[in-house]
Amino acid sequence: MIFFPSDVFVVMAAVGATLSIATSSSTQSVSLWDFLTLDMSKSVIVSMEIPFASADTVFRSYKIMPRSENAHAYVNAAFVMQFNSSTSTVTGEPTLVFGGIQAHDIQATQTAAMLEGANLLQKDTLTTALAKLEGEIVPVTTPVSSSAKYLKSLAISLFYKYYLAVIYDHVDPRVQSAAVPFQRPLSTGTQTYGTKPSEYPVTEPMTKLTALLQTSGEAEYTTDVPPLPHECAAAFVLSPQANCKITGVDFSTAEGMPGFIKGLTAADIPGDNNFMTMGTAEPVLVSDVCEYAGQAVAIVVAETQRQADEIALAVKVSYESQGKPLLTIADAIAAGSYFEDPGRQPIEVGDAKAAIAKSARTVEGTISCDSQYHFHMETQTSLVIPEAEGYMVYSSTQWTQRTQAAVAAVLGINNSSVDVSVRRVGGAYGGKITRSHWIAAACGLAAHATGRPVRMHLDIDTNMKMIGKRIPYYATFTIGCTEDGILNGIEATVYNNCGWCNNDNALGMALDHIDNAYYVPNWLVTPKACKTNIAANTATRSPGTCPGIFIMEGMIDQVARTLGLDPDTVRRANLYKKDQVTPIDIPLTYCNISTLWDDLYSSAEVESRKAAAAKFNEENRWRKRGLSVVPVRFWMEWGWAVPYTVHINIYAADGTVAICHGGVEVGQGINTKVAQVAAKTLGIPLDTISVKPSNTLIGPNDITTGGSITSELCCLGTLRACNELNERISPVRAANPKATWKELVAACNDQGVNLSVENFVEEKTDYQYSYNAYGVGCTEVEIDVLTGELQILRVDILYDCGDSINPDIDVGQVEGAFTMGLGYWLTEKLIFDQDSGQLLTHNTWEYKPPASKDIPIDFRIALLRDAPNPIGILGTKGVGEPPLCLSCSALFAIKRAIENFRAEIKADTVFTLDGPATVEITQQDCLVDPSEFYF
Amino acid sequence: IVKVPVDITVNGRTYSDEVEPRQLLVHFIRENAALTGTKVGCDTSQCGSCTVTMDRVSVKSCTTLTVQANGSSITTIEGLSDGVDLHPLQEAFWNNHGLQCGFCTPGMIMAASELLRINPDPSREEIREGLEGNLCRCTGNQNIVLAVEDAARTMGG
C-alpha cells in the first residue's frame with residue numbers, strides 16, 4: 001500500500017474545496033472526497049474552488065514531519081470550525097481532517113458531530129472530544145511508517161493543539177505555547193579563530209583554490225568527463241532477496257529492450273571475482289550464495305545510462321530462500337552469528353570486576369546507535385576506457401591505488417596496465433574508500449567485455465541498496481562508581497553490525513575510543529562483531545570513533561541519571577588530567593580537555609542558560625528545553641595512514657609549480673592547504689601553484705584519504721619536498737641574489753638543477769607519533785512534547801585545531817561534520833523489510849539528511865587560539881571527524897528535555913535514549929497521555 | 001521509439017533536436033547541450049543539484065521533461081555570468097566558503113538566483129526558505145546562507 005499524506009489535500013478538504021474536472025465533452029464539480037475514487041482517465045483537473053469563510057471561522061493546519069522541511073508528514077491535519085467567542089460555543093459542525101493515519105485522509109466525523117454546539121470552555125467538552133477522537137483514529141501502518149501508537153497519539157495531540165488555539169485567551173498560560181507552532185527566528189552564527197600573519201599564506205583564512213571553478217559549473221567530477229566515441233553505460237542487477245541461493249539470471253526480456261548491448265554475470269569475469277584486494281573476498285557479482293538483498297548479481301551494458309538502469313530492472317533473478325535473514329544486532333545475538341575475529345582483542349586494564357564489586361554504586365544499562373547513509377551528492381561513479389596497453393580508469397574514489405588493484409585483479413591483468421585518476425570527488429565521507437573499487441571493477445569488466453569505454457553512475461536507489469553504510473553499535477555495560485559519580489571500573493560488551501562481511505569493521509577503533517575523554521582505572525571491554533544479512537557496512541565519517549565515544553557518553557550519562565546527579569558535573573569530574581594514560585596506553589602529555597571544558601562552560605554561559613531553561617520549563621507544560629555538554633578526545637593516529645607521495649615540478653619556462661599528491665580532494669580542501677604550504681615554503685605567490693588530479697603514476701602505493709589526517713600528511717610531504725627544492729636552488733640563489741623567482745628557476749635549469757622532486761611520507765619518520773585532538777560542544781534544544789518536534793536553539797563548539805593551516809576551511813569542516821552528525825542522531829534512519837531483507841528507505845522520500853532549517857538557530861564555532869600542536873605538522877591538528885562526535889550533545893540535550901517532562905508527570909526519569917532520537921522517538925519517550933490534556 | 005522535435009534555448013544558444021518524450025531536461029542539458037555544470041544528485045527532486053531556470057523560474061531539471069521546456073529559455077550555472085564577470089552569487093559562494101565538495105553548488109546558486117530575482121533583499125529566514133529544496137552534505141549550510149546574503153547586498157537589494 002502506498003501512503004501519500006498530501007498536504008494540499010488535507011488543507012483543501014478541510015475548507016471544503018471542490019474540483020472542476022473536465023473531459024473533452026463535459027465538466028463536473030466534485031468534492032475532494034469524491035475525487036479520491038473518481039476515474040480520471042481522459043480527464044483533467046481544470047480548477048479548484050475554495051469557499052469563503054465566515055468571520056468567526058477558526059482554521060488551523062498542522063504538519064509533523066521527520067525534519068524541518070521538504071519531508072512528507074508523519075501526520076498532517078487541518079481543522080475548521082465556526083466559533084462564537086462571546087458564548088464560547090461551536091456553531092455548526094466542525095471539519096476535522098487527518099492525513100497519514102490511513103492510505104487516504106480521514107475525517108473525524110463523530111468527534112465533529114459531538115462538538116457541534118458544544119461550549120469549549122467546559123472541561124468535559126475537551127475530555128469527551130478526546131475520547132471520541134481516540135475511538136475514531138485507527139491507524140493503518142506500513143513497514144516504513146511510524147508506529148500506530150505514535151500516529152494515534154500525534155493525531156490526538158494535534159487536535160488538542162487546535163482546541164487550545166481556538167480558546168487561546170482562556171487557557172492556562174503554561175499550556176499556551178502548545179497552541180503556537182515553532183517559529184524559527186533569524187539564524188545567527190559566529191566563527192572565531194586566531195591566525196599568524198607572519199606565516200601567511202599558512203594559517204591564512206582563505207576559500208578553496210578551485211572555488212571559482214566550482215561556482216561557475218566548470219569543475220569536473222568523474223561523471224562530467226566528456227563522453228568518448230563509442231562510450232556505453234552499465235548498471236547493476238540487484239538481488240531482491242537476502243540470504244538466498246541464486247538459481248538463475250534471465251536476460252531474455254532485457255535483450256529485447258532498446259540499447260541493450262550485453263548482460264554479464266560472474267562467469268564472464270576473466271580474473272578474480274573479488275573487488276577487495278585485501279581481507280575477505282567480496283564478489284563483484286554473486287553467482288551462488290547471496291548474502292543480502294541489494295547484492296549485485298549481474299551487470300547490464302547499454303548505449304546510455306538510462307537504458308542500462310531500465311534494463312537492469314527487467315533482468316529476472318530467481319532464487320531459493322535460505323531462511324529468514326538476520327538484519328539487526330539483536331537478530332545476530334539471538335542467532336549467535338558473530339565473526340570469529342571481532343577486529344580487536346578485548347581491553348583489559350586493572351581488574352574491572354573487582355573494582356565494580358568494591359564500588360559504592362553500580363550502574364547497569366545498554367546504549368545503541370544505528371546506521372547512516374553517506375549521502376554523498378555524487379553517487380558512486382566510474383569511467384573505464386580500454387586503451388592499447390591497458391585501461392584508463394576515472395573513479396570517484398578516496399583510494400586510487402586499491403582501485404587500480406581491484407580493476408587489475410578482476411580483469412586478471414597487471415596493475416601496471418591500469419591507470420587510475422581522480423581530480424575531485426563530489427562527497428565521500430568514507431563511502432568511497434573501499435566501496436568505490438567495486439564500481440570501478442564492474443566498469444572494467446564491462447569495458448573488457450565490450451571493448452568500449454564504459455561509464456557507471458549509480459542511481460540513488462542502487463547506491464543505497466547495494467552499498468554498505470555506517471556500522472550500527474550496541475553495548476551492554478556495568479559500571480562501578482562512587483556516590484559522587486567518580487568512575488572506578490567499567491565492564492562492557494560492544495557489539496556492532498558489520499553486515500555480511502567484516503572487511504571494513506571498525507570495532508577496534510570503537511574500543512580505542514571507548515574512554516572518550518574520561519579517566520577510568522579499570523576496564524574490561526569485549527568486542528563482538530555481528531554477521532548479518534545486510535550489505536557489508538563500511539567507513540562513514542568518524543567510523544568506530546563516533547560510536548565508541550557515544551557509548552562512553554551514554555554510559556556516563558546513565559551514571560549521572562541513576563545517581564541523581566547533574567550529568568555535566570559527573571562528566572567534568574571524570575575528565576582526563578594531563579599525563580594520565582588511556583586504556584590503550586596512550587600518554588596524554590598535552591591533555592587540555594578540562595581547560596577547554598571550563599572555557600566553553602564560561603563562554604557559552606552554560607550555567608545561566610541552564611537556569612533560564614529550568615525557568616522556561618516551569619512556565620511551559622508542553623514545551624521543554626534541555627542543554628548538554630559533551631567533550632571529545634580523538635586519537636589521531638598516523639601509523640596506519642601512510643604512505644603518501646608528494647611530487648612537485650617547477651616549470652623553468654615561467655616558474656609556475658605543479659603538485660601531485662596521494663591524497664584525494666573530496667571537498668575537505670586538501671589541495672588548497674597543500675598549495676598554501678608550498679607557496680609559503682618556496683616563497684612564491686599562491687596563484688603560481690596548481691594541484692593536479694591524484695593518480696596511480698605518482699602515488700603508486702598510497703593509502704586512502706581518510707582518518708582526518710591526510711591533509712596534514714600531504715602538507716608534510718609538500719613541506720619536505722619544497723625544502724629539498726630550496727636546498728637545490730640555494731647555491732644558485734646565493735650567486736644571483738637579485739634574481740626574480742622566474743629568473744632564478746631558469747638559471748637553475750640552465751645549470752642542470754633538478755626542479756622536480758618527490759617526497760615519500762611514511763611512518764618511520766619524525767612524525768611517527770600520534771596525538772589527540774580535543775573539543776567541547778554544548779547544544780541547547782527545545783522540544784514540543786506533544787509532537788516530538790525539535791528546535792536546536794544554540795550550539796557552541798570550542799575545538800582545538802592547533803594552528804589551523806586554513807581557518808576558513810577548518811571551520812567549514814567543524815560545521816559540516818557537526819551537521820552531518822545532527823542528521824545521524826536526529827533524522828536519518830534505515831528500515832529493512834523483515835522477510836526479504838530489502839532496504840525500504842532507499843531514496844529521498846523516506847531518508848532525511850538535515851536541510852537548511854535543521855541546523856542550529858545560533859551556531860557558534862571557535863577554534864582554540866594560540867595552541868600550536870607540539871607534535872603536529874606545522875602545529876596543526878586534524879578536524880574532519882572529531883566535531884561529528886560532539887553532535888551527540890544534541891541527543892543528550894533532548895534527553896534532558898524529556899527527563900524534565902517525565903519528572904513533571906512523575907514518570908521514571910532514568911531511561912535510555914538511543915540514536916537516532918527522531919521526532920517520533922522523542923514524543924514517545926515523553927509518555928504523553930491525553931488524559932492529562934487540560935486548559 | 002517515437003521522438004519529438006524540440007527547440008530549446010540554453011544559455012542563449014538554441015538547440016534543435018529530436019528527443020524521447022520521456023527524456024528529462026537534466027539529460028538534455030548534460031548530453032544534448034553538453035553542459036555538465038548541472039548535476040544529478042538524488043534523481044528524485046529532493047537534493048536540488050539539478051536546479052536551472054526555465055524562462056527565469058527555477059525548476060528541478062531532474063523532474064522536468066525536455067518536452068516541457070520546448071520553446072523556452074533555460075539558464076544553467078554556465079550561463080549565469082555575463083561572460084566577463086562572475087554573477088554576484090558566484091562571487092559570494094566563492095568568497096564566503098559556501099562550498100566544500102562543490103557538487104551541490106551549481107544547484108544552490110541557481111535556486112538562489114531565483115530567490116534573489118523575486119526578492120532582492122531576503123532575510124536569512126527567507127534565504128533558508130528559498131533554499132529548502134536544496135541539500136548540502138558538506139557545509140552545514142551556514143556559509144551558504146551567508147553567501148546568498150552577501151550576494152543580495154552586492155546586487156544592491
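Ser20(A) stands opposite Ser47(A), a residue of β3(A). This pair belongs to a predicted model, in which local features need pLDDT of at least 70, side-chain atom pairs count only at pLDDT 80 or more, and totals for chains, interfaces and linings use all residues. Residues are numbered from 1 along each chain as its sequence is written, chains are lettered from A in the order in which they are written, and side-chain values use heavy atoms, with hydrogens and water left out.

Strand β1 (residues 18-22) of chain A pairs with β3(A) in the antiparallel sense over five bridges; strands are DSSP runs of E with at least two residues, and two of them pair if DSSP finds at least two bridges between them. The open sheet has three strands in the order β2-β1-β3 (chain A), with antiparallel pairing. Its edge strands, each pairing on one side only, are β2 (27-31) and β3 (44-49) of chain A.

Turning to the interface, 59 residues of chain A are in contact (heavy atoms within 4.5 Å) with 47 residues of chain B. The area buried between chain A and chain B (accessible area, 1.4 Å probe, lost on being put together and summed over both) is about 4,600 Å², and carbon and sulfur atoms give 51% of it. Thr215(A), Arg306(A) and Met377(A) supply 16% of the area that chain A buries against chain B, more than any other three residues.

Between chain A and chain B the count is six salt bridges (a side-chain nitrogen of Lys or Arg within 4 Å of a carboxyl oxygen of Asp or Glu). In a salt bridge, the side chains of Arg30(B) and Asp224(A) meet at 2.8 Å, N to O.

Terms used
Buried area = accessible area lost by both parts, 1.4 Å probe. Helix = DSSP H or I, 4+ residues; strand = E, 2+ residues; numbered from the N terminus.
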